[in-house]
Amino acid sequence: MAAFWGTNNADHQARICHSTTVAGVANTWGYGAMTNSYNDIRNAKTIMVMGGNPAEAHPVSLQHILEGKELNRANMIVIDPRMTRTAAHATEYVRVRPGTHIPTVYGMLWHIFKNGWEDKEFIHQRVYGMEDIRKEVEKWPPDEVERVTGLPEAQVKRIAEIFAKEKPSTLIWAMGQTQYTFGTANVRASCILLLATGNVGGFGSGANIFRGHDNVQGATDLGLDVTTLPLYYGLDENAWRHWCRVWEVDYDSMLSRFVDKTFMQTAGIPSTRWFDATLLPKDQVSQPDNMKAMFIMGHGGNTITRMPQAVKGIEALDLLVVCDPYPTTWAVLSERKNGTYLLPAGTSFEMNGTRTASNRSLQWGEQIVKPIFECKNDYDTMYLLARKLGFADQMFKNIKVENGSVSAEDILREINRGGWSTGYCGQSPERLKAHMRNQSKFDLVTLRAPKGDLEVGGDVYGLPWPCWGTPEFKHPGTPVLYNISLPVKEGGGTFRARFGVERDGVSLLSNGSYSRDSEIKDGYPEFTLSVLKRLGWDKDLTAQEMAVIQQVNPANPDAVSWQIDLSGGIQRVAIEHGCIPYGNGKARANAWNLPDPIPVHREVIFTSRPDLVAKYPTLPDARQFRVPNIGFTIQKAAVDKGVVKQFPLILTSGRLVEYEGGGEETRSNKWLAELKQFMFVEINPADAAERGIKESDWVWVTGPEGNAKAKMKALVTERMGKGVAWMPYHFAGWFEGVDQRSKYPKGADPIVLGESVNTLTTYGYDPFTGMQEPKATLCQIRAA
Amino acid sequence: MARMKFLCDAERCIDCNACVTACKNENEVPWGINRRRVVTINDGKPGERSVSMACMHCTDPPCASVCPVSCFYVTLDHVVLHSKDLCIGCGYCFYACPFGAPQYPKVGNFGSRGKMDKCTYCAGGPEPDGSPEEFAKYGANRLAAGKLPLCAEMCSTKSLLAGDGEIIAEIYKDRVRKRGYGTGAWGWTTAYHEGIKV
C-alpha cells in the first residue's frame with residue numbers, strides 16, 4: 001500500500017517496542033528476533049530477565065519459565081528497578097537504577113573476563129571483535145559499576161558467575177532494554193553477554209526477546225516499517241527490484257510513484273516523530289512538505305511519548321483517519337473538529353490469516369465471527385482504499401478478491417513467493433492449516449511432531465522462520481536459530497554471514513565451526529549462483545530452477561543470491577549439501593556500522609544523575625529519519641538548568657496484566673475494567689511520606705517539559721525503590737486533569753478513562769531506530 | 001466418586017487475574033461480586049506471594065453449619081452449593097467462612113444485602129442442569145457437561161488446579177518432589193483437614 005502510494009512513511013507498533021531489538025540483534029548475528037522460544041526456556045539452567053516483567057506482560061510465558069525453574073532447579077535472576085510480579089518468583093532480585101543496562105552488563109563481563117569464565121572456544125570460532133569489548137569492559141571495575149548502577153560488587157559478581165557457569169543460560173528482555181535513546185546499544189550489550197558466555201545457538205540458551213502483541217513479530221517481519229520493504233530487504237534498488245518481480249509490477253512504474261529515486265530509497269518518518277514532521281518548520285523536514293495526513297490502523301495514540309506535542313500535531317493535520325474497533329485517543333485528544341474520519345475495523349477474530357508469534361512460528365487463524373455491524377477486516381479495508389486510490393488491480397494482481405473479500409491464503413502465498421531472505425517461503429497455507437489440525441501431536445518442549453506422522457511429521461509447530469525453500473521442500477522450520485548441533489535440513493544453522501567475508505584483514509567467517517552434516521567444514525559466505533558454480537554444485541539445480549534464476553537477472557545470473565532466487569533452487573541445493581543459504585559467519589561483538597559500534601554507556605536525556613553526564617553524555621545532535629534529533633542540546637540544557645532539583649523523582653513506565661497497549665479495547669471490557677478502575681502512580685513509602693501522600697490519594701504529577709501535568713491516584717508501595725516512580729501506560733481519556741469522556745462518540749467511550757503516562761514523558765530518540773525514551777525521565781509528585 | 005477440590009500452587013501464581021476474568025465471563029458475575037479473586041501478601045516486598053481464592057468447597061463446610069435456613073447442600077462430587085430461593089442474605093456464612101467466599105449484591109438503601117453468591121465450582125445450582133433458570137441464578141454448569149471450572153482451565157501458569165482431590169494432590173506432590181523444597185499448598189489444610197504428604 002505504502003509503495004503504491006509512493007511513500008516510505010509507513011510504520012508500525014514495533015517502532016516503540018522492539019525496533020532497537022531488531023536493529024541491535026540483527027546487526028550482531030543476522031536476524032533480529034527471538035533466537036529460541038518460550039517453550040525452550042524449560043531447558044534453561046539459568047533464566048535472567050533484564051528489562052521485562054513477563055508475569056504481567058506475557059503471563060503464559062511464566063508457565064514455561066516457572067516450570068523450567070522447577071524442573072531444572074534453574075536460577076531465575078530478575079534485574080529491574082521495580083520489584084515486579086516476575087521478581088516475586090526470582091531466586092535473586094537485583095534492583096537497579098533505570099537506564100544503566102550497559103554498565104550492569106559490563107559489570108558482569110568485568111568479573112567474567114577477570115576470572116576467565118568466558119567461553120573461549122565459542123568466541124574463537126564464532127565471534128568477531130570480542131577484544132574490543134574487553135577494552136571497554138576494563139573501564140567498568142566494580143566501584144564504577146556501583147557508582148553508576150547502584151549495584152554492589154558481590155551481587156554483580158554472583159550473578160555473573162551463575163550466568164557464565166550454570167549453563168545453558170538464557171537472557172529474556174522486553175521494553176526495559178529497548179525504550180531508551182541507547183536502546184540499540186543496550187540490546188547489543190545483551191547479545192555480547194550471551195556471546196561471551198557461549199549462550200547462543202543451543203537449547204535452553206539464547207536471546208529470548210518477548211514480543212508484546214498478537215502478530216507484532218509478523219508486522220515487523222513484513223516490513224511495515226520506515227526502513228525496509230517486507231522481510232528485511234531494505235530500501236535499496238535491489239530490494240525494490242526484488243519485490244517488483246514478486247508483485248509482478250514494472251520497476252520503473254513503481255519508481256514513478258515516488259518523488260524521486262532518492263526518496264524511494266530513504267527511510268521515512270517513524271511513528272515516534274510524526275508530530276515533529278508535522279509541526280517543525282518546513283525547512284527542517286527533509287521531504288517536500290510537512291506531514292499533512294495520517295492514516296492510523298490499530299495503533300494507540302497514547303503509547304507515543306510527548307503527548308502534549310501530539311495534541312498540537314493532530315490539530316495541524318489536514319486529514320486524520322482512524323481505522324480501529326474503538327475511536328482511540330487519536331479521535332478525542334485534541335480540539336480538532338473537521339477532517340477526521342473513523343473507519344470501523346474488525347478484530348483479528350473476525351478474519352482469517354496468519355499471525356507470527358514471538359518465536360517466529362506462524363499460526364493460521366480462522367475467522368471466529370463475521371465482522372459485526374459495518375466493520376471490515378483489515379484486508380478488505382485496504383482493498384477498498386487501494387481501489388479508491390486507483391491501484392487495486394496492480395496491488396491485488398496475484399491476490400484473489402471475491403465480492404470485495406480478499407483471500408488470506410493468497411496473501412500468504414505472495415509472502416511465500418518473496419520471503420526468501422527470512423525463510424518465509426516454506427510456510428504455505430496448506431502446511432499451516434495442517435499444523436492447526438494436528439496441534440496435539442507437537443511436543444510441548446521441542447515443539448516437534450513425531451517423525452512418522454503423515455501430515456506434519458518432523459515439523460516444528462508453526463514452521464518458525466527460517467523455513468527454507470519452497471513448501472514442497474518440506475523444511476521443518478527452525479526452533480532455535482544458529483544451532484550447529486542440527487543439520488540445516490532439520491532446523492540447524494550458523495551465524496549469518498551478513499556483513500561481508502573480512503574486515504581490515506580479519507575474517508568474518510566462522511573459524512572451524514559448522515552445522516551438523518555440513519559438507520563445508522569451515523566458514524563460508526552466503527550462496528549465489530556463482531558460489532554454487534565454484535563448488536561445482538550448480539549441476540544440482542534443475543533446468544526449471546536455472547531458468548528462473550536466468551529470468552531474475554538475465555544480464556548477470558551469477559550474481560543471483562539465495563535471497564532473490566525466486567525458484568528456491570539455490571537454497572535447496574545449499575541445504576542438500578548441509579549448508580545454510582545465508583553463509584556461515586561470525587557474530588559481531590563489534591558492529592562497525594552502528595552509532596556506537598561497541599556499546600557505550602550514555603545517560604538518559606532527563607537523567608537523575610547530572611553529575612554523570614560529563615563522562616557519559618548522549619550522542620551529539622544529528623539528523624535522522626528526515627528530522628533533527630536534538631537530544632544532546634536538550635540533555636545539556638536540562639543539566640545546566642538543574643532540572644533534577646525541581647523534578648527529583650525518576651519516572652519509569654510499564655504494563656499491567658489487565659490492560660493491553662493503548663488500552664482502548666481492554667478498558668472497554670467490563671471484567672477487566674473492574675479490576676483496574678483508576679490510573680495510578682506507584683511511589684515508595686518514603687517518597688510518599690515526604691510529600692504527605694497516603695495510599696489512594698489523588699496526586700498531581702508534573703514533568704520537566706512544557707509544564708506537563710497529570711492527575712492520578714497514588715499507590716504507595718515498597719515495590720518501588722526510593723526516588724523512583726512507576727506508571728502503567730494503558731490509560732487515556734483524561735488530559736492534564738480534564739476528563740474527556742464527552743468527546744467520545746456516544747457509546748464508544750471505554751469504561752475506564754485516566755491520564756496517560758505519555759503526557760509526562762519527554763524528548764529522546766535512539767539515533768539508529770528513532771525509538772522513544774519512556775523508560776526513564778524525571779517527575780515531581782504532590783498531593784492533589 | 002471423585003472428591004472435587006481446588007488447589008492453588010502459590011509457587012506458580014503470578015496474580016494475572018486470568019482466573020478472575022474467566023469466572024466473571026463464564027458465569028456473568030456482575031460488577032462488584034467477586035466469586036474468585038487473587039490475594040497478594042507482602043505485596044512488593046521480598047517473599048511476595050499471590051494466591052487465587054474462591055470457595056474451597058470444604059469437607060465440613062462452616063457456611064452450611066451456620067446457615068439459619070439450611071440453604072446449603074453438598075453434591076455427590078462434594079461441591080458445596082446453595083439455593084438462592086432459600087437464602088435470606090443474612091451474612092452468617094460470610095462470618096463463618098475462613099476464605100471470604102460468600103458475596104452479596106447491594107440491593108437497597110443502606111447497603112442492605114441481597115442473596116448470597118459464591119463460586120459454584122462451575123456446577124450451577126438446584127435447578128435442572130444447564131437450564132436458563134440455573135444460569136440466571138448461578139451461572140454456568142460446566143461440571144454437568146464433564147468440564148472443570150473455567151478458572152483452573154484458563155490459569156496461565158497451571159497454578160490453580162481443579163479436579164479430583166487425589167489427582168490434583170498427585171500432580172502437586174510431583175511438583176514439590178521435583179522442586180526439592182517444601183510444600184505449602186495454601187488453604188488446603190484449613191479446607192480439607194489434611195496436608196499433602198510428599
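This is a predicted model: local features need pLDDT of at least 70, side-chain atom pairs count only at pLDDT 80 or more; totals for chains, interfaces and linings use all residues.
1. Two strands pair if DSSP finds at least two bridges between them.

2. Strand S21 of chain A (residues 698-702) and strand S22 of chain A (residues 709-716) meet it, pairing in the antiparallel sense over 5 bridges. Within this pair, A:Val699 has A:Met712 of S22(A) as its bridge partner. The hairpin formed by S21(A) and S22(A) has 6 residues between the strands, and A:Gly706 takes a positive phi near 60 degrees there.

3. S21(A) is also joined to strand S27 of chain A (residues 777-783), by 4 bridges, and these two strands run antiparallel. Here A:Trp700 is bridged to A:Arg782 of S27(A).

4. Which side chains of S21(A) point to the buried face? They are A:Val699 and A:Val701.

5. Helix H5 of chain A (residues 101-114) and helix H7 of chain A (residues 130-137) have axes that come within 9 Å and cross at roughly 105 degrees. Angles of 65 to 115 degrees count as roughly perpendicular, and H5(A) and H7(A) are therefore roughly perpendicular to each other. H5(A) contributes A:Tyr106, A:Leu109, A:Trp110 and A:Phe113 to the contact, while H7(A) contributes A:Arg134, A:Glu136 and A:Val137. By class, this contact has 5 nonpolar residues, 2 charged ones and no polar ones.

6. On the overall fold, the secondary structure of chain A comes to 29 helices and 27 strands. The C-alpha trace of chain A spans about 80 × 65 × 55 Å along its principal axes. A compact globule of 784 residues would have a radius of gyration near 28 Å, so the 26 Å of chain A agrees with that expectation. Of the 784 residues, 58% count as buried. Among contacts in chain A between residues at least 6 apart in sequence, 71% join residues at least 24 apart.

7. The contact between chains A and B takes 22 residues from chain A and 22 residues from chain B. On the side of chain A that touches chain B, helix H4 (61-71) and helix H28 (670-675) each supply at least two residues. The residues on that side of chain A divide into 12 nonpolar, 8 charged and 2 polar.

Technical notes. Residues are numbered from 1 along each chain as its sequence is written. Chains are lettered from A and ligands numbered from 1 in the order in which they are written. Axes are lines fitted to C-alpha atoms, for helices over the stretch in contact, and angles run from 0 to 180 degrees between N-to-C directions. Angles under 35 degrees count as roughly parallel, over 145 as roughly antiparallel, 65 to 115 as roughly perpendicular and the rest as oblique. Two residues are in contact if their C-beta atoms, placed from the backbone, lie within 7 Å. Ala, Val, Leu, Ile, Met, Phe, Trp, Tyr, Cys and Pro count as nonpolar, Asp, Glu, Lys and Arg as charged, and the others, Gly among them, as polar. A residue is buried if 20 or more other C-beta atoms lie within 10 Å of its own, exposed if 12 or fewer, and partly exposed in between; C-beta atoms are placed from the backbone. The radius of gyration is taken over C-alpha atoms; the globule rule is 2.2 Å times the number of residues to the power 0.38.
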